[in-house]
Amino acid sequence: MKNDRYIIAGISALCLLLIIVTSVNSSFLMPLRSGAGFFLVPMEKGVNAVGSGLFGNIQAYSDLRDAQEENARLNERVANLTEENNRLSSETYELERLRELYKLDQEYMNYPKVAARVIAKDSGNWFQVFRIDKGASDGIRADMNVIANGGLIGIVTDVGQNYATVRAIIDDDSNVSAMSQRTGETCNVSGSMELFEDGRLGLDHVRKDADIAEGDRIVTSNISDVYLPGLFIGYASALSTDSNNVTKSGTVIPVGQFDNIREVLIITKLKGEEMQNQDDSDAKRSASEHNDVPQEETQAETEPVIDPIAERKTEKASETSEESSSSGETVEEETGSNG
C-alpha cells in the first residue's frame, strides 16, 4: 500500500514538472520541450486510444445491455402474442367444429341429442374405440347412436357414471345394416381397419340385381336392430359381382373423419324406443280409422228416439178415447133414468 502511494506521488510530481517545463517559453528549454513532446505525444495518443477504446467498450456494453433488456421484453411479448394467437386459432377451430355439429344437429333435429367431448382413445392412428365425457348420469345408455363429422360415427358399447365407450363403425367388429337412400336396396357396411388404411369401409350382402350404384348415398336402414334409420354413412364405391354370381360387394367412402374426433353428438333415443313409438302411433292411427262415428252420434244411438208426430197422434187418440168414455157414461145415465 505504501509503495503504491509513493508511485502515485512520483508520477504526479513528474507530470507537474513536465507541465511547468512545457509552459515556459524559452529557447533554452526548447530542446527539452521537443523531447518531452516527442515522448508525451505518443503517450497521449496511446492514452487517448485506450480511453476511446474503453469508452467505446463501455458504451457498447451499455448498448448491449439495453438491447438485451429490450430483446427480453420483445421475446416476452412475442411469447404472449403467440400464446394468444394459438388460443384464438384453437377457439376458431373449435367454433368451426361446433358449427358443423350444429348443422348436423339441425339435419337430425327429430332426434334428441346430447353433446360430448372425446377424452381418450385406444392406441393407434384412428379413433376406432374412444371414450367420451358423458355417462349414465347424463342419460347415456348402451346402443345409443353417435354422430359427428357429417354422419354416423359409431355406437355406445359401455357406460359408466360419468363416461361412456364408443365403438366406431371402422372397427373390425362393426357391422351396420344399411341401404341406398336413392332406392332403398339393403346392404351391410362392415368395419375393416385394413380397408380403412385406404379410407374405405366394406360394402357387402348386396343382391346381384339390386339397384345400388357407385356414388349412392348409403344410410342406416329401417331393419337395423340398434341403428336408427336414415343416418348418413358414406358413398358406395367400386361395386362388382362376387365369385358366387349371386351377390355383389364393394366399398363405402365414409363421410366421417376418424383421425381426429374432438366432439360428438349422442342420440339419446334407442332403436327399440323408436319402434315402440312407431307402433303406438300406428295403433292410434288404426283406432281412429276404425272409429269414424263421433261420440255424440254413438250416444244418440243408445238413447230412445222420440218422434213428435207420433207423440201428437198418441195424445189425440187418448183424448178421443176419453171423450168416448164420457159419452157412454152419459147415455147409460139417460137410459137408466128413462127406464
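**Close-up 1. Arg207 and Glu185 are joined by a salt bridge, with N and O 2.9 Å apart.** A salt bridge is counted where a side-chain nitrogen of Lys or Arg is within 4 Å of a carboxyl oxygen of Asp or Glu. Arg207 belongs to strand β8 and Glu185 to the loop between β6 and β7, so that distant parts of the chain, 22 residues apart, are linked. Strands (E, at least two residues) are DSSP runs, numbered from the N terminus. The model is predicted: local features need pLDDT of at least 70 and side-chain atom pairs count only at pLDDT 80 or more, whereas totals for chains, interfaces and linings use all residues. Residues are numbered from 1 along each chain as its sequence is written, and side-chain values use heavy atoms, with hydrogens and water left out.

**Close-up 2. Arg207 also forms a salt bridge with Asp209, at an N to O distance of 2.5 Å.** Arg207 is partly exposed, at 42% relative accessibility, whereas Asp209 is exposed, at 61%. Relative accessible area (1.4 Å probe, protein chains only) defines these classes: buried is under 20%, exposed over 50%, and partly exposed in between.

**Close-up 3. A salt bridge connects Arg182 and Asp211, whose closest N and O atoms are 3.0 Å apart.** Arg182 is located in the loop between β6 (175-180) and β7 (186-190), and Asp211 in the loop between β8 (201-207) and β9 (217-220); the pair therefore ties together parts 29 residues apart in sequence. Both residues are partly exposed, Arg182 with a relative accessible area of 48% and Asp211 with 38%.

**Close-up 4. A network of salt bridges links Arg182, Asp211 and Asp216.** The salt-bridge count comes to seven.

Conventions
Helix = DSSP H or I, 4+ residues; strand = E, 2+ residues; numbered from the N terminus.
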